[in-house]
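I opened this notebook to record what I looked up in one structure. The entries follow in the order in which I made them.

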Amino acid sequence: MISSKGHLNPGAPGVRLDRFPPPPGTGDVVRHLWRVRWSLPDGAVQRQRVLSYPASNAVIGPDGAVLSGLGTAVATQELAGESWVLGLLLRPAATRLLSSEPPAALVGRVVPMPGAPVEAVQDALRDDAAAPAALHAALSGWLAPFVERVDERIRLCNEVCRLAEEDPDILRVDELARSAGLPLRSLDRLVKEHVGVTPKWLIDCRRLQEAATVLYADSEASLPDLAYRLGFSDQAHFSRSYRKVIGETPAQTRRAGELARAAGNVPPRLR
């Protein structure tokens, strides 16, 4: 199973989230598959909060398929009744392969995605024990034409995004450009063209995902220490940025984690 920092309130009762590797040979287009299933009592609503990776998601459900552009703030999805969705977290530069619209035009938007194998995916999910092999079989043929269109610019942009996400020492855009071996202007053009956001957002997204994960999991985490480690100039700057994107204060995130642990909905510390 694959871990992720994007889901900000894991462990909600009645909701199950699973992640699987992508189909073999599709790694330049898909980062991982995620599946959410829920079964809630009548009248109950669960609000799932996600700070998206700097990438789009192809989302397939019983009613069809959509392409969900990346978001630059926390998105909340309300779940009720009983249903499921399957998502494909795309590689950051893969949005252009699945849509004729430029990635920047899709930021914060959800658009129909005709041609996705909705029925094949639904059939694959009938047998829980067969996942992910059945999902791979259902998706591989549909994804093949997109894989064939991957070029070196897409691979380079995906590598830039990987560096921004995985290297904690990269705190400024000039450091990202140096690590990627690109001039600042070339970096800016590459990321905006293929992802639809600025290189700075790639870094900010990683920092705020990590902050939300730490605060939800550890009620004793020091805010000044966390702000310093993530490269913010001071705690006040960190708190302002956090509230702007996450939609709540660091203290509120910590309290939400405490309540979830008290209810037995999450492990004491998230990995």
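Entry 1: aromatic rings. I found that ring pairs link Phe232, Phe238 and Tyr242 into a cluster. I counted rings of Phe, Tyr and Trp (its six-membered ring) as a pair if their centres lie within 6.5 Å; planes under 30 degrees apart count as stacked, over 60 as edge-to-face and the rest as tilted. By this rule the count comes to three aromatic pairs. I then looked up Trp142 and Phe146, which form an edge-to-face pair, with 5.6 Å centre to centre and 90° between the planes. Both residues lie in helix 4, four residues apart, about one turn of the helix. Trp142 is buried, because its relative accessible area is 13%, and Phe146 counts as buried at 14%. Phe238 and Tyr242 form a tilted pair, 5.7 Å centre to centre with 50° between the planes. Because Phe238 and Tyr242 are four residues apart in helix 10 (residues 235-246), about one helical turn separates them. Both Phe238 and Tyr242 are buried. For these terms I took buried as under 20% relative accessible area, exposed as over 50% and partly exposed as in between (1.4 Å probe, protein chains only).

Entry 2: basis of the values. The model is predicted, so I note that local features need pLDDT of at least 70 and side-chain atom pairs count only at pLDDT 80 or more, while totals for chains, interfaces and linings use all residues. Residues are numbered from 1 along each chain as its sequence is written, and side-chain values use heavy atoms, with hydrogens and water left out. Helices (H or I, at least four residues) and strands (E, at least two) are DSSP runs, numbered from the N terminus.

Entry 3: I traced an open sheet of six strands in the order 1-2-7-4-5-8, with antiparallel pairing. Its edge strands are strand 1 (15-20) and strand 8 (110-112), each pairing on one side only. Two strands pair if DSSP finds at least two bridges between them. Strand 5 (residues 64-68) and strand 8 run antiparallel and are joined by three bridges. Which residue of strand 8 is the bridge partner of Ser68? I found Val110 there.

Entry 4: helix 4. This helix (residues 133-148) packs on the sheet, where it touches strand 1, strand 2 (30-39), strand 4 (57-61) and strand 7 (82-90). Contact means heavy atoms within 4.5 Å. I noted the buried residues of helix 4 as Leu135, His136, Ala138, Leu139, Trp142, Leu143 and Phe146. They pack against strand 1, strand 2, strand 4, strand 7, helix 1 (95-98) and helix 3 (118-124). Helix 4 bends by about 45° at Ser140, the bend being the angle between axes fitted to the seven residues ending there and the seven starting there.

Entry 5: two further residues. I located Lys244 in helix 10. Is Lys244 buried or exposed? Lys244 counts as exposed because its relative accessibility is 72%. Gln77 lies in strand 6 (residues 75-79). Not counting residues up to four places away in sequence, Gln77 touches Gln46, Arg47 and Gln48. The C-alpha atoms of Gln77 and Val59, 18 residues apart along the chain, are separated by 13 Å.

Technical notes. Axes fitted to C-alpha atoms, helices over the stretch in contact; angles between N-to-C directions.
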